[in-house]
Amino acid sequence: MTGSIHQRKAEHIDITLNEKVTGNQITTGLERVHFIHNALPEIDFNEISIESKFIGQMRPTPFMISSMTGGAAFAETINRNLALAAEEKGWILALGSMRALIESEEHRSSFQVRQYAPSVPIIANLGAVQLNYGFGVDQCRQIIDMTEADALVLHLNSLQEVIQPNGDLNFKDLLVKIEELARTLRVPLGIKEVGWGIDGMTAKKLCEAGVSFIDVAGAGGTSWSQVEKYRSTDPVKQAAAETFSVWGIPTVDCVVSVRKKIGEQSIVASGGMATGLDAAKTIALGADVVGFGRSILKEATQSPEDVIRVMETKELELRMAMFGVGASTLGELQASDRVRYER
């Protein structure tokens, strides 16, 4: 098992970089969101602030590097580049799933990047289903301590587990275990999907259980059943994965639905986010933070400088969108009447 989990992590990186892993006939919904241009914005572009707040911390931007990888040799290079770039630009850094961190010492350092990002929030990550397979409060505390993380996110990946060879399929009674973790951990607990989205009613149940933030990870970006299709040698599972390439809740619809149902908890918009304009649209609809994953993965394989250049582009695009509607803060963008959302 130890060897297979590290091989799986390496295969995930290779497939995500080189294969078509997005769904079919389903989008983020961003094409249904439009801004009405304000030709007279009455603000100074140089005074636009994109400061945001997340898990009680003020941040210079509302941007997050979404959970991607760890537990493989190449993942160490990727996460180091991401951490160095995050430190330079002040982005929140979410790490890949950390089951491998507990089960094996091999490539453990791929998750331990605090030395490269001493001042940014780091989010540790574990599959929620692992709470039914021997992981509990103690293991979660160990993950947090080993990574010096500021928060823990549990990811929900039910359909991926079905297609993944030897996937973990027992998702029974997870809500009560999530509630216990939220009550016990010394850091905030978040929940994220992995590409099929979270709706408002589910988010409400999770927040009532004590969850501090919801990362919707909607459809329109990477589909992990598609990723696992490329790993599978089972023609039945390959065919089923292709059928479910149309499955999920578009990211935009997730953000709107969740915002209607929860209170003060933060919403992270991720799932197919590619530009700062995408970010502006989801923030205008109620998101607090925007996560970028596969759209910066290629640069993360190259150098911190390449990642920083992409980050700076997305930040400029966000400011341009705000200038275009006359919003000088993210709060003003969220309150703007110059956004149109087609259901």
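This report describes helices, salt bridges and surface patches in a predicted model.

Helix 1 covers residues 2-18 and includes Thr16. Thr16 counts as buried because its relative accessibility is 11%, under the 20% limit for that class. In space, Thr16 and Ser223 are 9.7 Å apart, C-alpha to C-alpha, although 207 residues separate them in sequence.

Helix 2 is formed by the 17 residues 73-89. From its first C-alpha to its last, helix 2 reaches 25 Å, which is close to the 24 Å expected at 1.5 Å a residue. Just after helix 2, Gly90 adopts a positive phi of about 80°.

Helix 8 (residues 224-231) is largely enclosed by the rest of the structure, because seven of its eight residues are buried. These are Trp224, Ser225, Gln226, Val227, Glu228, Lys229 and Arg231.

Arg231 forms a salt bridge with Glu11, with 2.7 Å between the closest N and O atoms. Since Glu11 belongs to helix 1 and Arg231 to helix 8, the pair ties together parts that are 220 residues apart in sequence. Glu11 is partly exposed, at 26% relative accessibility, whereas Arg231 is buried.

## Other salt bridges

The model contains 13 salt bridges. Within helix 4, Arg141 and Asp138 are three residues apart, about one turn of the helix. Their closest N and O atoms lie 4.0 Å apart in a salt bridge. Arg141 is partly exposed at 37% relative accessibility, while Asp138 is exposed at 56%.

Another salt bridge joins the side chains of Asp288 and Arg259 at 3.2 Å, N to O. This pair links distant parts of the chain, with Asp288 in the loop between helix 11 and strand 11 and Arg259 in helix 10, 29 residues apart. Both residues are partly exposed, Asp288 at 21% and Arg259 at 24%. Elsewhere, salt bridges with shared partners join Glu11, Glu228 and Arg231 into one network.

## Surface patches

Lys204, Lys260, Lys261 and Arg343 form a positive surface patch. Lys204 is located in helix 7, residues 200-208, and is partly exposed at 34% relative accessibility.

A nonpolar surface patch of about 270 Å² is made by Tyr133, Val162 and Leu169. Tyr133 sits in the loop between strand 6 and helix 4; with a relative accessible area of 35%, Tyr133 is partly exposed.

Methods
Residues are numbered from 1 along each chain as its sequence is written. This is a predicted model: local features need pLDDT of at least 70, side-chain atom pairs count only at pLDDT 80 or more; totals for chains, interfaces and linings use all residues. Side-chain values use heavy atoms; hydrogens and water are left out. Patches are made of residues with over 30% relative accessible area and no salt bridge: like charges are joined within 9 Å, nonpolar side chains (Val, Leu, Ile, Met, Phe, Trp, Tyr) within 5 Å. Accessible areas come from the Shrake-Rupley method with a 1.4 Å probe; for residues, only the protein chains shown count as cover. Lys and Arg count as positive and Asp and Glu as negative; His and the chain ends are not counted. The place of a charge is taken as NZ of Lys, CZ of Arg, CG of Asp or CD of Glu. Helices (H or I, at least four residues) and strands (E, at least two) are DSSP runs, numbered from the N terminus. Buried means under 20% relative accessible area, exposed over 50%, partly exposed in between (1.4 Å probe, protein chains only). The expected span of a helix is 1.5 Å times one less than its number of residues.
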